[in-house]
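Let's take a walk through this structure together. Keep the view open as you read, and look up each residue as it comes along.

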Amino acid sequence: MKDRAKEIAKNAAVIFAVAIAYYIFYRVTSIGLKCPLYELTGLLCPGCGITRMFTSLLSFDIAGAFYYNAAVLILLPFWCVLIVSHYAEYIKTGTRALKRWHKAILIASIIIMVAYGILRNVSDLGLSPSHF
């Protein structure tokens with residue numbers, strides 16, 4: 001159990017360090033990752049705006065975060081609960097199998113993200129940041 005906890009902590013530390021480095025790089029240079037779908041087609045994928053969303057969140061600008069990517073902002077708490085629950089179970093039992101409610105959250109997330117990706121490109125609901 002201790003080894004599994006150390007493994008999770010190490011992986012989380014690496015992910016956190018990379019995220020902080022990327023955040024600092026973005027804040028200093030304003031250079032973010034380019035979306036291949038947007039670059040090729042001009043269409044916004046469901047993930048477009050995530051960097052700006054997180055930057056807004058870190059500045060406590062919830063409205064700005066919602067503007068840049070409403071779907072991810074709304075789903076983020078569910079994903080956090082899912083991740084914490086899944087890894088707590090893994091640490092406790094050693095099993096990596098997803099529970100039924102984990103799968104339900106993931107399937108619902110996929111459906112929501114696909115719908116969001118379509119709606120932000122075909123409608124005028126304010127789901128597309130105008131300065132992409």
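Lys 34 counts as exposed because its relative accessibility is 63%, and exposed means over 50%. You will find Lys 34 in the loop that links helix H1 (2-29) to helix H2 (36-41). Bear in mind that you are looking at a predicted model.

Now go from Lys 34 to Val 114: the two are 80 residues apart in sequence, and their C-alpha atoms are 19 Å apart in space. Val 114 belongs to a nonpolar surface patch of about 470 Å², together with Ile 110, Ile 118, Leu 119 and Val 122. One of these, Leu 119, is part of helix H6 (residues 100-122). With a relative accessibility of 36%, Leu 119 counts as partly exposed.

Next, look at the aromatic rings. How many aromatic pairs does the structure hold? There are 2. Tyr 22 and Tyr 26 make a tilted pair, with 6.5 Å from centre to centre and 35° between the planes. These two tyrosines are about one helical turn apart, because they are 4 residues apart in helix H1. Tyr 22 is partly exposed at 24% relative accessible area, whereas Tyr 26 is buried at 14%.

Tyr 67 and Tyr 68 form an edge-to-face pair, their centres 5.3 Å apart and their planes at 70°. Here Tyr 67 is partly exposed, with 31% relative accessible area, and Tyr 68 is buried, with 17%.

Finally, visit another tyrosine ring, that of Tyr 90: the charged end of Arg 96 sits over this ring, 4.1 Å from the ring centre.

Note on methods
Residues numbered from 1 in each chain as written. Predicted model: local features only at pLDDT ≥ 70, side-chain atom pairs only at ≥ 80, totals over all residues. Heavy atoms only, no water. Patch = residues over 30% accessible without salt bridge, like charges linked within 9 Å, V, L, I, M, F, W, Y side chains within 5 Å. Areas by Shrake-Rupley, 256 points an atom, 1.4 Å probe, with all protein chains shown as cover. Salt bridge = Lys/Arg side-chain N within 4 Å of Asp/Glu carboxyl O. Buried < 20%, exposed > 50% of the residue type's maximum accessible area, 1.4 Å probe, protein only. Phe/Tyr/Trp six-rings, centres within 6.5 Å; stacked < 30°, edge-to-face > 60°. Lys NZ or Arg CZ within 6 Å of the ring centre and 35° of its normal.
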